[in-house]
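User: I would like a close look at a single part of this model, with the rest of the fold brought in around it. Please keep the wording plain and give the cut-offs as you go.

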Amino acid sequence: MAWIATDFHGEMAREPEIVLYGAAASGSVAVEAAVTLLGTPFQLIEGETWSSEAARMRVGGQNAMRQVLTLVLPSGEIVTECAAILLWLADAHPDANLAPGSNDPLRAQFLRWMFFVSSAIYSLHWIKPDVSRIGAPQSARDEIVNSVHERIAFCWRVMEAQLSPSGYLLGDTLSVLDLYVAVISRFGPWRERFYQEAPNMTPVIKRVDEDPRLIGLWDRRFPSG
Ligand SMILES: N[C@@H](CCC(=O)N[C@@H](CS)C(=O)NCC(=O)O)C(=O)O
């Protein structure tokens with residue numbers, strides 16, 4: 001995909017505050033959702049890293065992992081890792097209430113599940129575009145991708161068994177954890193499997209999908225659902 005530089009309304013950004021290297025149907029959409037809720041302007045540099053060497057090279061100038069998402073602050077400082085960026089944004093805007101604060105009794109579980117989604121689930125997707133990354137032959141690709149998806153389904157079951165969602169995953173208030181799960185659950189093994197494995201989390205995630213502030217973003221950035 002050719003890259004474009006736009007703000008989140010799809011127009012050329014004049015004086016971007018922050019630059020986000022991202023892609024439709026990628027983890028960057030969780031951060032795009034957070035900055036949409038915060039009303040923070042940003043410039044998006046689009047590039048599908050998992051299918052395009054050009055996109056990997058472009059982001060590689062900022063992030064040696066050659067992955068989206070990658071944030072460049074106006075100072076030039078680079079921030080990577082979806083969970084870290086979501087946490088940092090939430091903590092930088094406490095009035096928006098997008099994360100339990102450091103003294104909130106929910107903070108420990110919030111951090112626990114943010115890191116769980118990052119390390120136990122999201123990181124596994126790195127294997128899929130090229131299974132030789134873990135030393136496997138291309139002939140084993142389908143089997144490996146299937147195993148990765150089974151492991152992710154197991155992880156959703158673990159999370160499901162230990163959370164008691166009410167309006168949102170951690171109670172009555174939407175947090176960046178809800179945004180993160182709403183995005184990562186769209187990746188393989190995809191939403192239908194997530195709904196099977198996580199029936200209590202499902203209504204929360206559907207609520208996030210239907211949030212009127214975010215519906216346009218989800219439609220634009222996950223055009224295939
Ligand atoms: N640890 C990173 C993972 C980022 C990641 O896996 N990005 C994917 C897209 S969703 C990517 O750029 N993959 C391309 C590749 O690994 O070659 C994070 O949490 O932000």
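Where does the largest share of the lining of the largest pocket come from?

Analyst: The largest share comes from α5, which supplies three residues of the lining of the largest pocket. This is a predicted model, so local features need pLDDT of at least 70 and side-chain atom pairs count only at pLDDT 80 or more, while totals for chains, interfaces and linings use all residues. Residues are numbered from 1 along each chain as its sequence is written, and side-chain values use heavy atoms, with hydrogens and water left out.

The largest pocket has a volume of about 890 Å³. Its lining is made of 31 residues, and those closest to its centre are W50, Q67, Y122, H125 and W126. A pocket here is an open set of points on a 1 Å grid over the protein atoms alone, where a 1.4 Å probe fits and protein lies on both sides within 12 Å along at least five of seven lines; lining residues have an atom within 4 Å of a point. The volume is the space filled by probe spheres set on the points, which are joined across faces, edges and corners.

Rings of Phe, Tyr and Trp (its six-membered ring) pair if their centres lie within 6.5 Å; planes under 30 degrees apart are stacked, over 60 edge-to-face, and the rest tilted. By this rule there are five aromatic pairs. In one of them, W113 and F116 have ring centres 5.0 Å apart and planes at 80°, so this pair is edge-to-face. Both residues belong to helix α4 (residues 107–121), where they are three residues apart, about one turn of the helix. Helices (H or I, at least four residues) and strands (E, at least two) are DSSP runs, numbered from the N terminus. W113 and F116 are both buried, that is, under 20% relative accessible area, with exposed over 50% and partly exposed in between (1.4 Å probe, protein chains only).

W156 and F194 are edge-to-face, with 5.0 Å from centre to centre and 85° between the planes. W156 lies in α5 (residues 141–162) and F194 in helix α7 (residues 190–197), so the pair ties together parts that are 38 residues apart in sequence. Here too, W156 and F194 are both buried.

The peptide bond from G188 to P189 is cis, with omega near 5°, and P189 is placed in the loop between α6 (176–184) and α7. W190, found in helix α7, has a phi near 70°, a positive value in a residue other than glycine. Most residues other than glycine have a negative phi, and most peptide bonds are trans.

The peptide bond from V68 to L69 is cis, with omega near 10°; L69 lies in the loop between α2 (53–60) and β4. E81, in the loop between β5 (78–80) and α3, has a positive phi near 80°. With 45% relative accessibility, E81 counts as partly exposed.

Next, the strands. All five of the five residues of strand β2 (residues 18–22) are buried, so β2 is largely enclosed by the rest of the structure. Both of its faces are covered: I18, L20 and G22 are buried on one side, and V19 and Y21 on the other. In a regular strand the side chains alternate between the two faces of the sheet. Two strands pair if DSSP finds at least two bridges between them. β2 pairs with strand β3 (residues 42–46) in the parallel sense over five bridges, and G22 stands opposite E46 in β3. β2 is also joined by three bridges to strand β4 (residues 70–72), and these two run antiparallel. In that pairing, Y21 stands opposite T70 in β4.

In contrast to the buried strand β2, S102 counts as exposed at 62% relative accessibility. S102 is placed in the loop between α3 (82–92) and α4. Its C-alpha atom is separated by 9.0 Å from that of D91, eleven residues apart along the chain.
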